[in-house]
Amino acid sequence: MARKRDGGCCPLPLNEDNARFCLLAGLILLYLLCGAAVFSALERPSELRAHLLWDQQLANFTLSHRVSLGALHALLRQYEEANGAGIRVDALRPRWDFSGAFYFVGTVVSTIGFGMNTPATIPGKIFLIFYGLIGCAATILFFNLFLERIITMLAYIMRWCHERRMRRSGLGAVSGAEEPRSEEDSLEGWKPSVYYVMLILGVASVLIACSASSLYCSMEDWSYMDSLYFCFVAFSTIGFGDLVSSQREHYEAQEAYRLGNCLFILMGVCCIYSLFNVISIIIKQTLNWILARLACPGRRCPCSCPKRGLRSETDMISVNDFTASNKVSLALLQKQLCETAQQGPRQSHVPRHNGFSGGVGAFAIMNNRLQETSVDR
């Protein structure tokens, strides 16, 4: 049970991180249950119709060709096995020539895993385990480093825009005797907005997806909606495999299309991964707000909440305060944005006994943990 403060009404959480973890786990479970209910309602009728249609086709085929249903089922099972080895009714490009194998390893290390071709031999499966272990780790590191660099670039761009706005408003050259009207009007007090970073990454992801969808519409004969669906599934590394690009045997301008396909997937995965990391910070602060509301369920907490833990950033009282509190509670990422925009992080007076520091998003989590565990005691 949670302990209560002496003379107060707000229970102290046993562990802030554990509380956030349990809340997130519960919300994810609820999210999964809601998603399952929606997809079951949307897709189950179509599945039942497909089963009914298939049974009718089997019955008509056996009657018209005088074939026993058992023999037909045996043939279909054999085709399923051949399908797993890459045999299709329509001619497709070879799966295991060099270009096909290169496409396969790209889907492995990027964790997309379309599933259109998989190793069939025991040596191939064993090699995939070790190959994927190193390749996936290296690619995740690449995505994290890309995230750091793209946020650095965005910070420079936003700083340049902020300086230009200050010059236009007459605040660009502040003399020694002249003080800026507010901290936001000075370059020292300026911080790039995390929401702008999320917006820019979102716009970039949409532009890449729309451009790639136009390419897939013309080359793959997919509808535009199917192309957008494929882009999200591929860029987010979900990789269902129901739609896979660049699988036909021949295309017009085949080499150029395959190169463009690889570039679009690479850029899309990098942008979506960066966007996911920024959105995850917003989700984390939403959890903090929910936990703070649970700790102080009244509109105004009659006791003095401790100035640490969940309520160290701000006393979040109402839903209307949520947006304002996010601007304060996202200070960590904003500090990193500000440091990169001002050409490198400020040097701390505290000596560091290790090389683990900095980072953004998932990369920062690993660096911080390494830094905590490697400090000389």
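Predicted model: local features only at pLDDT ≥ 70, side-chain atom pairs only at ≥ 80, totals over all residues.
**Close-up views**

Residues are numbered from 1 along each chain as its sequence is written, and side-chain values use heavy atoms, with hydrogens and water left out. The lining consists of R93, P94, R95, G100, M116, N117 and Q247. About 40 Å³ of space lies inside this cavity. The structure has 1 cavity of 30 Å³ or more. A cavity is a set of points, on a 1 Å grid over the protein atoms alone, where a 1.4 Å probe fits but cannot get out; lining residues have an atom within 4 Å of a point. Points are joined across faces, edges and corners, and the volume is the space filled by probe spheres set on them.

**The chain carries 10 helices and 2 strands.** Helices (H or I, at least four residues) and strands (E, at least two) are DSSP runs numbered from the N terminus. Along the sequence, the pattern reads β-β-α-α-α-α-α-α-α-α-α-α. The chain has 377 residues, of which 33% count as buried. Buried stands for under 20% relative accessible area, exposed for over 50%, and partly exposed for the range in between (1.4 Å probe, protein chains only). Take the contacts (heavy atoms within 4.5 Å) between residues at least 6 apart in sequence: 61% of them join residues at least 24 apart.

**S246 sits in the loop between α6 (224-235) and α7 (254-295).** S246 counts as buried because its relative accessibility is 1%. Its side chain makes a polar contact with the side chain of R258, at 3.5 Å. A polar contact is a pair of N or O atoms within 3.5 Å; within protein, one must be able to donate a hydrogen and the other to accept it, and residues adjacent in sequence count only if both atoms are side-chain atoms. Setting aside residues up to four places away in sequence, S246 touches R93, Y103, E220, Y251, Y257, R258 and N261.

**Helix α3 (residues 98-109) has a span that agrees with its length.** The expected span is 1.5 Å times one less than the number of residues. For the 12 residues of α3 that gives 16 Å, and the end C-alpha atoms are 16 Å apart. Buried positions in α3 are G100, Y103, F104, T107, V108 and V109. They pack against α4 (122-168) and α7. An α-helix has 3.6 residues a turn, so residues three or four places apart point the same way. Just after α3, T111 takes a positive phi of about 65°.

**S110 lies in the loop between α3 and α4.** S110 counts as buried because its relative accessibility is 10%. Its side chain reaches the backbone oxygen of G106 at 2.7 Å. A polar atom of that side chain also lies 3.5 Å from the backbone oxygen of T107. Beyond neighbours within four places in sequence, S110 is in contact with T139 and T237.

**I140 belongs to helix α4.** I140 is partly exposed, with a relative accessible area of 41%. I140 and V109 are 31 residues apart along the chain, and their C-alpha atoms are separated by 8.6 Å.

**Helix α5 (residues 194-220) also has an end-to-end distance that agrees with expectation.** Its 27 residues should span 39 Å, and its end C-alpha atoms are 37 Å apart. Buried residues of α5 include V194, V197, L201, S205, I208, A212, Y216 and E220. After α5 comes D221, with a positive phi near 60°.

Most residues other than glycine have a negative phi. R66 counts as exposed because its relative accessibility is 79%. T237 counts as partly exposed, at 22% relative accessibility.

Terms used
1 Å grid on protein atoms, 1.4 Å probe; cavity = no way out; pocket = protein on both sides within 12 Å on 5 of 7 lines; lining within 4 Å.
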